[in-house]
Amino acid sequence: MQGKPKGKQRPRVCRINGRSITYTPKQTVDYENQIRSIYSKVSNFKFERHVPLEVAILALFIPPKSVSQKVRALMLNGEIPPTKRPDADNIIKVVLDALNGVAFHDDGQVCKIYCEKIYAETPEIRVLIKNIVEE
């Protein structure tokens, strides 16, 4: 998916008429819908219920404009990995929650997960889902 990788934001709580209401921030909802939409355009395959899955996520970030050309080259060669936000666990959460019910029945099916953050010329997220049993 093209675009800057984003992580899942924390749920927000507000009080209305003395009642606490918990909701997911609009940015996260929109991003999850975007992931769902792109998956549906690329694939209409849905893994069967109870099939153990492995998910690999590659998050590509653009190097900051403030770094020198030398440092930029090191970043693009993988010698300096991104240690900035979003955290890898939040990237995993937003991707799994977005694909829940679309690519698989439940994210509880995911038994192995890999996530890597690297620098690249264009920002995007790449996701690979496969059946562990068929290896």
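**Close-up views of a predicted protein model**

**View 1. The order of elements along the chain.** Starting at the N terminus, the protein chain runs through its elements as β-β-α-β-α-α-β-β. That gives three helices and five strands for the protein chain. Please keep in mind while you look around that this is a predicted model.

**View 2. The overall extent of the chain and its contacts.** Along its principal axes, the C-alpha trace of the protein chain spans about 50 × 50 × 25 Å. Among contacts in the protein chain with a separation of 6 or more, 80% are accounted for by residues 24 or more positions apart. Of the 135 residues in the protein chain, 33% count as buried.

**View 3. Asn-90 in helix H3.** Here we zoom in on Asn-90, which lies in helix H3, made up of residues 88–99. Is Asn-90 buried or exposed? Asn-90 counts as buried because its relative accessibility is 18%, and the cut-off for buried is under 20%.

**View 4. The neighbours of Asn-90.** The side chain of Asn-90 makes a polar contact with the side chain of Lys-93, at 3.5 Å. Leaving aside residues up to four places away in sequence, Asn-90 touches Gly-7 and Lys-8.

Definitions and conventions. Residues are numbered from 1 along each chain as its sequence is written. This is a predicted model: local features need pLDDT of at least 70, side-chain atom pairs count only at pLDDT 80 or more; totals for chains, interfaces and linings use all residues. Side-chain values use heavy atoms; hydrogens and water are left out. Helices (H or I, at least four residues) and strands (E, at least two) are DSSP runs, numbered from the N terminus. Buried means under 20% relative accessible area, exposed over 50%, partly exposed in between (1.4 Å probe, protein chains only). Contact means heavy atoms within 4.5 Å. A polar contact is a pair of N or O atoms within 3.5 Å; within protein, one must be able to donate a hydrogen and the other to accept it, and residues adjacent in sequence count only if both atoms are side-chain atoms.
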